[in-house]
Amino acid sequence: MASRYWVISLTVQGSASSLWNRLQEQISKHSFDTPLYRFNIPNIRVGTLDSLLSLSDDLLKSNSFVEGVSHKIRRQIEELERVSGVESSSLTVDGVPVDSYLTRFVWDEAKYPTMSPLREIVDGIHSQVAKIEDDLKVRIAEYNNVRSQLNAINRKQAGSLAVRDLSNLVKPEDIITSEHLVTLLAVVPKYSQKDWLSSYETLTSYVVPRSTKMLYEDNEYALYTVTLFNRVADNFRTSAREKGFQIRDFEYSSEAQETRKQELEKLMHDQESLRSSLLQWCYTSYGEVFSSWMHFCAVRVFAESVLRYGLPPSFLSCVLAPSVKREKKVRSILEGLCDNANSTFWKTDDEAGGGIVGLTGEADAHPYVSFTINLV
């Protein structure tokens with residue numbers, strides 16, 4: 001599948017079928033590996049030239065907006081597929097791959113009646129895509145909120161012993177709590193473990209001898225228990241801090257631990273559910289936005305062709321996907337099929353030292369309507 005396409009229109013001097021045959025012949029002869037398709041545009045209601053000129057001012061902005069939303073949803077799909085470990089699937093419009101939808105484009109008369117004014121069609125497309133973008137923002141925010149809560153929990157469980165949650169490291173049998181005795185949890189730098197083992201009993205009076213036990217260690221610290229009389233706990237904390245040992249505040253509660261476990265399981269379930277529904281929504285919405293974008297491109301080709309070639313509308317619109325090395329040759333073929341009377345006027349800066357920017361707003365000006373569609 002090509003990711004970059006040209007949408008072009010050529011003015012028709014004789015018959016459209018004759019021009020199409022000549023174009024096919026030239027492409028086949030000089031750039032045989034360039035895919036070429038008719039881009040069928042129905043007879044759209046023209047209105048007045050003034051209304052077309054007014055509309056042309058907004059076409060580029062609206063096109064950038066619709067294209068931007070399309071790419072935003074595509075990137076979201078790629079991110080969700082990567083995180084979910086889902087194999088990337090080809091994006092579709094009602095089951096039709098997007099490249100096929102573009103190259104075999106058919107106007108949806110039921111959705112966009114051709115008798116409607118062009119301004120109404122364009123505003124309708126813009127409004128529909130804007131609603132989808134707003135919905136996307138809400139859904140992403142909801143998903144990211146749950147994700148942030150999970151990440152915060154994971155950071156607490158994966159950080160160093162100085163800051164991480166200790167509840168999953170401490171068992172009920174590790175803690176002694178009575179009227180007179182209390183067990184404290186000490187975070188000891190790994191290089192100070194010998195110092196801790198030789199000094200913890202003397203940091204204050206009434207420390208239970210040989211009561212320390214290592215529960216866990218990471219790359220920086222080791223977690224030890226120590227049991228002492230409740231009334232000297234504050235003195236022990238002060239002395240431990242002076243020696244570089246951190247006493248972590250901790251109160252074991254099986255109920256609180258079970259609650260945290262249930263909250264974590266719920267968040268994980270919510271994240272999976274939201275991720276799955278967001279991904280399915282993105283698949284569907286991408287198809288809707290892409291379809292709207294192609295209809296917008298059809299309106300753009302029509303409006304720019306009428307403004308370029310005049311009334312009544314008489315032009316041939318096509319889609320091509322030349323490789324980078326064939327682009328210059330294909331441009332030459334297209335220019336050769338134009339009315340050459342004004343070709344010099346439309347030369348690019350490199351060719352004529354001047355040139356102008358065409359109605360498409362793209363940097364390269366040509367003696368025919370041309371703009372690029374980037375699928376990615």
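What is the volume of the second largest pocket?

A: Happy to! This is a predicted model, in which local features need pLDDT of at least 70 and side-chain atom pairs count only at pLDDT 80 or more, while totals for chains, interfaces and linings use all residues. Residues are numbered from 1 along each chain as its sequence is written, and side-chain values use heavy atoms, without hydrogens and water.

The second largest pocket has a volume of about 350 Å³. A pocket here is an open set of points on a 1 Å grid over the protein atoms alone, where a 1.4 Å probe fits, with protein on both sides within 12 Å along at least five of seven lines; lining residues have an atom within 4 Å of a point. The volume is the space filled by probe spheres set on points joined across faces, edges and corners.

There are 14 lining residues, and Gln157, Asp165, Ser167, Arg260 and Lys261 are the closest to the pocket's centre. Helices α4 (118–158) and α7 (254–309) each supply at least two lining residues, with α7 giving the largest share, eight residues. (Helices are DSSP runs of H or I, at least four residues, and strands are runs of E, at least two, numbered from the N terminus.) By type, the lining has seven charged residues (Asp, Glu, Lys, Arg), three nonpolar (Ala, Val, Leu, Ile, Met, Phe, Trp, Tyr, Cys, Pro) and four polar (the others, Gly among them).

Turning to a strand, β1 (residues 4–11) pairs in the antiparallel sense with β10 (residues 369–374) over six bridges; pairing takes at least two DSSP bridges. Valine 7 has phenylalanine 371 as its bridge partner in β10.
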